[in-house]
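Dear colleague,

Please look through the sequence and the model before you go on.

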Amino acid sequence: MNRSEFLSRIFVITGIILAIGAPLVFWTRTPLIHARMAENGGWNPDIIQAEVGQPLDLKLTSDDVVHGFAVGQMDMQSVDVLPGKVTDLTLIFDKPGIYTFFCTRWCGLNHWRMRGTIEVSGSSADPEPASIPMYVTLDLDIDAPHESPVVPQQIPSAIRGQELITNSPILQSPDYYRSHSPYQAFTDLSHTTLAEPQRWDVVAYIWQSNTTPESLANGQQLYAQNCAACHGENGAGDGVFADDLAASGEASMQTMTGADNMMMQSPVDFTNPTRMLGASPALLQGKILRGGMGTGMPMWGSIFTEEQIWDLVAYIYSFQFKYHY
Ligand code: HEC
Ligand SMILES: [Cu+2]
C-alpha cells in the first residue's frame, strides 16, 4: 500500500497570534483548546467534531509548558503550543473517521498520554477496508515471553551473510520475514552446511534484504522522537524516563482513568539478543500498534501509519545486526 493511498490529505495553515492580554471573547467563534500536562488534565476539550471537506479552525494554547500538536496517521507538520500564546491551525479532512491528535513535545513522563480525538463525519468517495494486524491473523500472543534459546557470539553481519548465500527462497519474501523471528530463520537454515555463526550472518542478510536505507532512516527519526525517551537513544532501555517510569509511574498512573491493575515495567532493551532475536516483526508490530495495556508501553496504532510502524520495526532490529548500505 503506498503512502499517498494510505494517508488522508491534510491542509495545514498555521500562524501564531500573540495573546497580549486580549480578551479571548474575540475568538468566540472557535473555542480555545487548552493544553496541559496529562496529569493536570491533558487537552481540554479532548473531543472535537469536524466534517469531511469543511475547514476545521483550531486555536490552541498551553496553560503550563510547551506542548506540540499533530494529528495521527496524517502527513502533517506538528505545531508548537506555547504558554500565553495562541496557535491558529486550519485542518481539512478528506475522509471520515476517528482521528487521534497528540502532543509532540516531551513535556513529562506522561507526555504520550496527551491525546484526544477528532470525530470527522461525512462520506468518503473510496472507503478503505480496515486492515487486520498480522499478530491477529497469525494468532500471536504478543505478551508471552519470546526468548531465543541460542544467541550469536558476535553481532551477525549482513556483509558476511551475503557472501555465504545468494539465492534462497526466504531471502526476498516479505511474508517470511514478517512472520518469523531471527531465531526461527536461524533454525530454518540448519539444513544448510553452514556453521552456526555463518547462519546468523545469513539471518542478518535476510533482515537487511527486507528493509531499505530509506525505511531505516525513517524508523530512526521516528524512534528518536517517540521512543528514545524510554527505550534509550541506543536502544538499551535506558532513556531519560526509564527510571522515572518504574518509580513515579505508579503514582502518576493512579490519577488516570482506567489505571487499575497496571503493572509498570522497564522499557525493553532492544540490544538484548535473547529477547530480540526471539521476536518476529509481526510481534513487534503488534506491540507497537496495541501498546502494553498498562505496562507503560504506549499504543501507537492511531498515531503512525502501517508503513511507519514497519519502519520502526526494521530500525529496532538494527540494534542486533550489522548492515551495510
Ligand atoms: C513511556 C515509555 C515508553 C515509550 C515512549 C515507548 N515504549 Fe516501548 N515499551 C515500554 C515498556 C515499559 C515496555 C515493556 C513492557 C511491554 O512490553 O509492554 C515496552 C515494550 C516495547 C516493545 C516490545 C518488545 C518485546 O520484545 O516484547 C516494543 C516493540 C516497543 N516497546 C517499541 C516501542 C516503539 C517503537 C516506541 C516509539 C514509537 C516505544 N516503544 C515507545 C515503554 C515505552
Ligand atoms: Cu505535552
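**Aromatic rings**

F319 is buried, because its relative accessible area is 16% and buried means under 20%, with exposed meaning over 50% and partly exposed in between (1.4 Å probe, protein chains only). Before going further, please note that this is a predicted model, in which local features need pLDDT of at least 70 and side-chain atom pairs count only at pLDDT 80 or more, while totals for chains, interfaces and linings use all residues. Residues are numbered from 1 along each chain as its sequence is written, chains are lettered from A and ligands numbered from 1 in the order in which they are written, and side-chain values use heavy atoms, leaving out hydrogens and water.

A search of the whole structure gives 17 aromatic pairs, where rings of Phe, Tyr and Trp (its six-membered ring) pair if their centres lie within 6.5 Å, and planes under 30 degrees apart count as stacked, over 60 as edge-to-face and the rest as tilted. One of these pairs joins Y315 and F319, whose ring centres are 5.2 Å apart and whose planes meet at 70°, so the pair is edge-to-face. Y315 is also buried, as its relative accessibility is 10%. Elsewhere, Y177, W207, Y317, F321 and Y323 make up one aromatic cluster.

**The iron atom of ligand 1**

The protein donors of the iron atom of ligand 1 are H231, through NE2, and M297, through SD, at 2.0 to 2.2 Å from it; donors are N, O and S atoms within 2.8 Å of the metal (3.2 Å for Na, K and Ca), and water is not among the atoms, so sites may look incomplete. H231 is buried because its relative accessible area is 10%, whereas M297 counts as partly exposed at 22%.

**The surroundings of ligand 1**

There are 26 residues around ligand 1, and C227, C230, H231, T295 and M297 come nearest, a residue being near if one of its heavy atoms lies within 4 Å. Oxygen atoms of ligand 1 also lie close to polar side-chain atoms: the distance is 2.8 Å for an N or O atom of R275, 2.9 Å for a polar atom of K287 and 2.6 Å for an N or O atom of T295.

With kind regards

Definitions and conventions. A polar contact is a pair of N or O atoms within 3.5 Å; within protein, one must be able to donate a hydrogen and the other to accept it, and residues adjacent in sequence count only if both atoms are side-chain atoms.
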